[in-house]
Amino acid sequence: MQPIYILSLIIVYFCALLLIAYLTGKNDNNETFFKANKKSPWYVVAFGMIGASLSGVTFISVPGWVQSSQFSYMQIVIGYLFGYFVIAYVLIPIYYNLKVTSIYEFLKHRFGPVTHKTGAFFFFISRILGASFRLFLVASVLQYFIFDAWNVPFEITVILSILLIWIYTFKGGIKTIVWTDTLQTLFMLIAVFTTIFIIIDKLNWSISDIFASAEFDKFSRIIFTDDFNDKKHLIKSFLGGMFIAIAMTGLDQDMMQKNLTCKNTKEAQWNVISLGFVLIFVNFVFLTLGALLFIYAEKFGIAIPIVDGNAKTDLLFPEIALNGGLGITIGIVFILGLIAAAYSSADSALTSLTTSYCIDFLDIENIEQSKQKAVRKKTHIVISIVLVIVIVIFRYVLEDNVISSVLQVASYTYGPLLGIFAFGIFTKFNIKDNFVWVIAIISVIITYLLNAYSIKLFNGYVFGYELLILNGIVTFVGLLLIKKSDNKLVENN
């Protein structure tokens with residue numbers, strides 16, 4: 001598929017997003033930008049969150065992960081479902097009862113201003129890195145298949161990607177995101193199902209032939225219980241998935257900001273629970289696509305793309321879709337699916353980062369009313385520039401599969417959030433607020449060291465995604481060390 005055709009598709013797609021942004025961004029005020037005026041239908045939010053939860057990482061990187069990890073990712077996804085139940089029935093009622101705009105305001109009510117800012121800081125780092133991972137992936141694909149042909153520097157590709165997001169989110173904010181996510185989820189799901197049907201047609205298979213074939217069987221193992229030291233072990237993956245969902249959704253302003261636009265607690269709970277069940281099916285479909293991609297590549301002699309001397313399985317899907325001899329249709333749906341998947345998480349990340357910084361750090365609600373909108377818009381621009389810088393840095397330092405990198409980083413950055421929120425919800429202790437940031441940083445360092453030397457320290461044990469749980473436990477224990485002698489809840493309003 002020629003680069004000019006791909007670029008034309010992207011332009012048409014963004015015109016559609018700009019139309020949605022125009023229709024939803026007419027009320028250019030902070031109430032719309034931060035809360036969507038609390039009028040979002042729960043089923044629209046739920047459908048849109050499928051795309052935001054999956055993102056470009058799932059769209060490309062999960063299929064590319066099948067070669068090395070088979071279907072072990074499903075163990076994590078099943079854990080997600082149980083995590084969503086905790087979010088729905090523990091966290092969401094707290095957020096709605098407190099009527100927060102940023103979920104980290106809970107920490108201010110419970111412990112004090114330092115804990116509040118510590119929680120917001122760790123979210124900020126987590127989401128900057130997470131959004132940058134996702135945008136790095138889509139920018140790499142655009143660079144490899146479009147802009148390299150025109151000798152456009154990678155840095156320009158990144159700037160253009162962020163600029164497009166900024167243009168359609170700077171007015172409507174989360175209200176725009178709720179509706180653009182719906183469109184983007186639709187495109188992403190159409191793309192993956194269309195690709196599967198085209199590939200099995202090329203292989204002269206039916207749907208039932210996929211699961212009966214010896215080729216598919218090589219990739220499709222789900223349950224791993226042979227070696228507890230293996231990071232793919234069922235128990236480690238399930239618990240890791242459960243707490244990843246709690247941390248990366250329930251304690252994440254990006255994901256929860258969409259939930260908080262629902263009309264009431266019950267609708268927000270319906271949204272989260274339905275999302276958990278749907279993600280099990282959708283992720284299985286993505287892994288099935290991954291197996292089919294490797295089967296197709298082997299049968300027709302398609303090599304995994306090489307970038308900077310390294311094989312990049314993340315690029316196998318785009319390589320087959322655009323250069324694999326499957327026709328123009330799959331090229332079109334792939335590009336639309338890729339852009340939709342990538343930007344469905346990246347645009348909301350930019351909005352949530354702007355929201356968190358304005359509420360949690362700038363205390364925008366106490367700034368003079370006439371200046372609040374200008375502060376929000378300046379923050380939106382600064383966050384966009386930060387994302388550009390981080391993505392460009394990834395170009396030179398990132399070597400691992402992107403989905404693996406995202407989950408690994410989450411174990412360190414979301415761990416303190418998990419420990420602090422758990423301490424606030426499940427204990428009645430006060431703590432010495434000024435020392436919380438020290439405990440959080442020490443927790444990350446201890447977790448890193450335990451992970452780095454786990455083979456020597458724990459007789460060959462290798463941490464998987466349960467590293468997040470360990471980080472949360474270390475933070476929780478650290479908070480016990482700085483608790484005050486009285487047991488009355490502190491109120492900092």
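Predicted model: local features only at pLDDT ≥ 70, side-chain atom pairs only at ≥ 80, totals over all residues.
Residues are numbered from 1 along each chain as its sequence is written, and side-chain values use heavy atoms, with hydrogens and water left out.

Helices are DSSP runs (H or I, at least four residues) numbered from the N terminus. The axes of helix 4 (residues 73-98) and helix 11 (residues 234-250) come within 7 Å and cross at roughly 35°; axes are lines fitted to C-alpha atoms over the stretch in contact, with angles from 0 to 180 degrees between N-to-C directions. Contact means heavy atoms within 4.5 Å. Residues of helix 4 that meet helix 11 include Q75, G79, F82 and Y95.

Helix 18 (residues 415-426) has an axis that comes within 12 Å of that of helix 4, and the two cross at roughly 75°. Helix 4 is therefore roughly perpendicular to helix 18 (65 to 115 degrees). Here V90, L91, I94 and Y95 of helix 4 meet F421, I425 and F426 of helix 18.

A nonpolar core is a set of buried (under 20% relative accessible area, 1.4 Å probe, protein chains only) Ala, Val, Leu, Ile, Met, Phe, Trp, Tyr and Cys residues joined through side-chain atoms within 4.5 Å. The largest has 140 residues, and F59, Y95 and F334 have the most contacts inside it. Helix 13 (residues 265-300) supplies the largest share of this core, 17 residues. Another core, of six residues, lies apart from it and includes F463 and L467.

Methods:
Buried < 20%, exposed > 50% of the residue type's maximum accessible area, 1.4 Å probe, protein only. Parallel < 35°, antiparallel > 145°, perpendicular 65-115°, else oblique.
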